[in-house]
Amino acid sequence: MIRFGLRLAVAGGREALTRLAIIAAAVAIGTGLLLTTVAGVNAVNAQLTRYASIYPSASTGGDADPLWWSTRSDYFHGRQIIRIDVAASGLRAPTPVGIPSTPRPGEYYASPALRELVAAHPADHLGDRYPGRDLGTVDPAGLTSPDTLLAIVGGTPDQVGELPNARQVTSVGDTPALPETTVDLILGVIAGGLLFPVLIFIGTATRLSAARREQRFAAMRLVGATPKQISVVAAVEATAAAVAGTVVGFGLFYAFRGSLAGIPFTGMPFFPNDMSLGPLDALLVGLGVPAGAAVAAQVSLRRVRISPLGVTRRVTPRAPRAYRLIPIVLGVAVLIFALGFRPETSDGQTALFLPALLLVMAGLVLAGPWLTMVGARMMARYASRPATLIAARRLADNPKAGFRAISGIMLALFVTSVAVGVITTIVANRGPAPIGSTDAGTVTTVFDEKAPSVPDTLFAELHAITGVRSTTAVRENPVLTTSGDVGVIACTDLPSAYGRCAEGVTVAEVPMGLSLWRESASSTKVWNAAPLTPDDLQRLPVISIVVGTDGSAAAVERTRTVLEAAYPTFWVGPNVPGDFESDFADTLRGWEQLANVIIIASLALAGCSLAVSVIGGLSERRRPFSLLRLSGAPVQVLRRVVALESAVPMLAVAAVAIGMGLLAAHLFLRAQMGYTLTAPGAGFSVIVVVGLAACLGIIASTLPLLERITGPETARSE
């Protein structure tokens with residue numbers, strides 16, 4: 001039967017070969033996306049492993065001599081620079097991962113990306129922060145990403161031991177990566193958002209010309225073929241195409257692996273070798289995809305397995321009921337409930353929000369046929385043209401079939417609308433300060449160990465930098481406050497750009513950076529009086545230095561370099577308010593970019609599913625359309641019928657999915673963070689509109705087939 005099934009699969013001429021080619025193409029796309037997802041998870045784990053080698057835990061014991069280690073942060077143009085200070089306490093001390101030997105005092109290694117930055121900018125902007133002998137580059141084994149800015153600087157044990165967060169380690173790089181549940185969960189959701197349309201595409205493709213195959217298999221049953229034999233023939237036909245598609249999918253993955261590695265799925269690109277597949281991964285995909293296609297083929301032909309005459313017993317399916325909306329209502333109700341009751345623990349929050357979002361997702365898919373039916377009935381009620389009425393009646397009679405091909409669009413648009421809505425809002429609320437604002441030009445260095453005073457020569461050197469407007473030393477407030485004003489300053493030293501003191505006040509309470517967290521600096525801010533005299537102030541230690549600049553990159557970076565040279569034992573380098581937020585925002589923008597990729601891929605796959613569905617519908621309805629043409633219906637009317645019954649559900653589903661996605665995102669943000677949803681930018685709208693337009697274009701490309709297959713000879717021959 002296997003040999004017979006192979007012969008039967010290609011014996012139908014051009015139609016059979018076209019069907020097999022479409023199935024193979026669908027499987028190839030699905031296989032490539034599945035391999036990309038699996039390789040992406042492996043790449044994330046590889047990044048986490050190397051991340052653990054940059055931040056090793058303190059360890060003692062064993063035969064190795066301790067290695068003094070301190071990991072600190074610096075910034076340049078809003079990008080984080082990781083600085084690792086090391087000092088070997090003996091000949092048997094471990095070596096940091098990615099370099100051949102531990103640098104000695106006055107020596108350092110730098111990552112390729114950092115070396116490029118140093119070479120591209122003046123020394124007083126960046127290079128002077130790393131004086132000494134450059135020993136070479138850090139290998140990829142010691143970097144989380146090709147874009148990682150990393151310097152490994154040598155020192156003496158006494159020097160490194162006095163640095164913030166210093167520790168002794170006897171092993172580096174052998175710490176296992178902790179499971180990153182959040183990232184794996186996001187990648188899993190992404191995989192589902194991509195693979196669901198792929199599975200629909202495969203299922204739709206396997207049903208191409210299903211009516212003819214059902215009749216052919218039913219005829220085989222009538223002449224004595226058993227249900228098992230029919231199942232074998234159907235499985236062989238689908239498996240043959242799936243095997244070919246799987247092979248092509250593997251080829252596509254390896255052909256584009258380098259380009260895929262450059263996409264910042266987690267906010268930073270991967271090394272190409274990180275996008276790897278294990279033997280078990282390849283085996284599961286290589287065997288699982290053809291097996292899944294075979295199962296899909298058998299399920300699609302279940303009517304033939306019931307009875308040889310089953311294909312003739314066709315009645316109008318039962319209309320969907322309104323109870324399909326219950327999961328959506330429950331999911332939204334849970335999100336509204338979370339506005340007033342939010343669990344304190346992260347596990348409790350996950351247990352509340354995740355089921356709510358899953359309920360809405362499942363509810364959208366479950367309610368899709370009902371929504372399609374309601375829309376079709378409304379379209380029929382207000383129809384003024386024959387094409388609109390015919391399309392509406394067909395959708396109302398079988399809304400499940402009309403929704404099946406575009407259900408992937410609904411799920412993909414919902415998931416990405418939630419993701420883009422949340423990410424856009426968080427970036428808007430926690431992104432870097434605008435370029436040119438007072439905050440963007442304020443450089444603050446906070447002392448890990450309080451300094452008794454600041455040399456006048458340092459202030460003179462800072463004022464000599466073009467673009468520096470003010471320099472201020474903030475001293476420790478001896479009075480514990482609840483307002484966040486942990487510093488004190490003489491009112492005569494307070495720059496006007498950061499506020500003023502009340503009338504008659506000589507010493508004011510201020511934050512370390514002269515502006516409160518998440519608030520912008522303002523010249524109208526009035527600071528509270530401190531119960532100190534100017535003489536008391538001079539006896540207090542300095543906790544931070546605030547330098548106001550014009551916000552230019554040159555002024556900011558030269559200021560950082562001068563401050564680091566004066567106070568080299570920082571834990572976090574001199575920073576502007578946007579530095580911390582920019583790291584977070586860049587990561588979120590990486591996920592936002594990935595969400596846009598999902599939209600494009602999902603809409604393209606949904607368009608292909610629609611095209612296959614339209615072609616299959618045309619093939620099955622050749623005789624009715626031919627009779628309509630013989631009765632005088634123009635081809636243009638029939639084309640409008642086909643276009644409307646495909647395009648109207650797709651556009652309606654897209655609107656509902658985006659609306660529900662943004663609503664869920666808003667409720668989540670209000671309950672979890674207290675933010676109001678920020679509307680996604682124009683890029684999101686452009687991608688959705690262009691994607692839907694491409695789907696409509698794909699549908700339009702199938703319409704010329706209508707005239708070819710609905711001629712008078714079709715009505716006579718059927």
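1. Buried here means under 20% relative accessible area. By that cut-off Glu557 is buried, because its relative accessible area is 2%. The model is a predicted one, and the points below should be read with that in mind.

2. Start with Glu557. This residue sits in helix α17, which spans residues 553–566. Its side chain makes a polar contact of 3.0 Å with the side chain of Arg560. Setting aside neighbours within four places in sequence, Glu557 is in contact with Tyr75, Phe76, His77, Asp124, His125 and Arg129.

3. Arg129 is the salt-bridge partner to look at next. Its closest approach to Glu557, N to O, is 2.8 Å. The two come from distant parts of the chain, 428 residues apart: Arg129 is in the loop between α3 (112–120) and β4 (133–137), and Glu557 is in helix α17. Arg129 counts as buried too, at 5% relative accessibility.

4. The pair belongs to a wider set. Asp74, Arg129, Glu557, Arg560 and Glu564 form a network of salt bridges. The structure as a whole holds 14 salt bridges.

5. Which residue bridges to Asp65? Arg92 does, with the closest N and O atoms 3.9 Å apart. Arg92 lies in the loop between β2 (79–88) and β3, while Asp65 lies in the loop between α2 (14–54) and β1 (67–76), so the bridge ties together parts 27 residues apart in sequence. Arg92 is exposed, at 55% relative accessible area, whereas Asp65 is buried, at 18%.

6. Glu107 deserves a separate check. This residue lies in strand β3, residues 107–110. Arg104 counts as exposed, at 55% relative accessibility.

7. One is the backbone nitrogen of Arg104, reached at 3.0 Å. Another is the side chain of Arg133, in a polar contact of 3.5 Å. Not counting residues up to four places away in sequence, Glu107 touches Arg133, Leu135, Ile152, Val153 and Gly154.

8. The largest nonpolar core has 41 residues. Those with the most contacts inside it are Leu335, Leu364, Leu413, Phe414, Val422 and Met660. Two or more residues each come from α10 (326–340), α11 (346–381), α14 (407–430), α20 (635–672) and α21 (682–702). Helix α20 gives the most, with 12 residues.

9. Phe414 shows the packing at one site. Beyond its neighbours within four places in sequence, Phe414 is in contact with Leu357, Val360, Met361, Leu364, Ala657, Met660, Gly661 and Ala664. Apart from this core lies another, of 20 residues, among them Ile23, Phe253, Val285 and Val289.

10. Last, helix α19, residues 622–630. Its buried residues are Arg622, Phe625 and Ser626. An α-helix has 3.6 residues a turn, so residues three or four places apart point the same way. Just after α19, Gly632 takes a positive phi of about 110°.

Definitions and conventions:
Residues numbered from 1 in each chain as written. Predicted model: local features only at pLDDT ≥ 70, side-chain atom pairs only at ≥ 80, totals over all residues. Heavy atoms only, no water. Buried < 20%, exposed > 50% of the residue type's maximum accessible area, 1.4 Å probe, protein only. Helix = DSSP H or I, 4+ residues; strand = E, 2+ residues; numbered from the N terminus. Core = buried A, V, L, I, M, F, W, Y, C linked by side-chain atoms within 4.5 Å. Contact = heavy atoms within 4.5 Å. Polar contact = N/O pair within 3.5 Å; in protein donor to acceptor, adjacent residues only side chain to side chain. Salt bridge = Lys/Arg side-chain N within 4 Å of Asp/Glu carboxyl O.
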